[in-house]
Amino acid sequence: MSELNRSELEVLRILWDEGELKPAEIQQRFAWEIENPTLRSVLVGLVEKEVISREKRGKAYFYRAKARRRSLFSRTMRRMAQVFTGGSTAELLMQLLKQENLSPAEIDELQRLANEKATPQDPK
């Protein structure tokens, strides 16, 4: 799968969050204004990339995400790690932590997750 642009990622986010939708419903949920012809072009491109599917019901097309959020997230993070840190996901995470302004609650949650990862899991 080739890299996805901002509008393509926004369509996926909407479909992951909302499920199957018609183009007008996707357009209403966009985080920014997108013209109808532009959205239709984005949808066609995503169908061609086999990232979403469409099904005609009556006169309307319904779109649904085919790509899994977790899978695309992992692939994107690996690509970012390769570009920014020579492939080290740990270094990528550390760089993000250094650059972001996090709340105490977010820091506590990150600490909890780090501790959970560091503790060997009990195989049952």
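The following conversation goes through several features of a predicted model.

Q: What should I know about the model first?
A: It is a predicted model, in which local features need pLDDT of at least 70, side-chain atom pairs count only at pLDDT 80 or more, and totals for chains, interfaces and linings use all residues. Residues are numbered from 1 along each chain as its sequence is written, and side-chain values use heavy atoms, with hydrogens and water left out.

Q: Which residues of H3 are buried?
A: In H3, the buried residues are Leu39, Val42, Leu43, Gly45 and Leu46. Seen down the helix axis, they fall within an arc of 160 degrees, so they line one face of H3. The arc is that of the directions from the helix axis to the C-beta atoms. Buried means under 20% relative accessible area, exposed over 50%, and partly exposed in between (1.4 Å probe, protein chains only). Helices (H or I, at least four residues) and strands (E, at least two) are DSSP runs, numbered from the N terminus.

Q: And which exposed residues are on the face turned away?
A: That face of H3 carries Pro37, Ser41 and Glu48.

Q: What covers the buried residues of H3?
A: The cover includes H1, helix H2 (23–29), strand E1 (52–57) and strand E2 (60–65). Contact means heavy atoms within 4.5 Å.

Q: How far apart are the end C-alpha atoms of H3?
A: They are 18 Å apart, which agrees with the 18 Å that the 13 residues of H3 (residues 36–48) should span at 1.5 Å a residue. The expected span is 1.5 Å times one less than the number of residues.

Q: What follows H3?
A: Glu50 follows H3, and its phi is positive, near 60 degrees.

Q: New topic: is Ser7 buried or exposed?
A: Ser7 is buried, because its relative accessible area is 17%. Ser7 belongs to helix H1 (residues 6–18). Leaving aside neighbours within four places in sequence, Ser7 is in contact with Phe30, Trp32, Ile34 and Val42.

Q: Which residues make the nonpolar surface patch?
A: Leu97, Leu102, Ile107, Leu110 and Leu113 make a patch of about 380 Å². Helix H6 (residues 104–118) gives the largest share, 3 residues. Patch residues have over 30% relative accessible area and no salt bridge; like charges are joined within 9 Å, and nonpolar side chains (Val, Leu, Ile, Met, Phe, Trp, Tyr) within 5 Å. A salt bridge is a side-chain nitrogen of Lys or Arg within 4 Å of a carboxyl oxygen of Asp or Glu. Accessible areas come from the Shrake-Rupley method with a 1.4 Å probe; for residues, only the protein chains shown count as cover.

Q: Where is Leu97?
A: Leu97 is in helix H5 (residues 89–99), and Leu97 counts as partly exposed because its relative accessibility is 43%.
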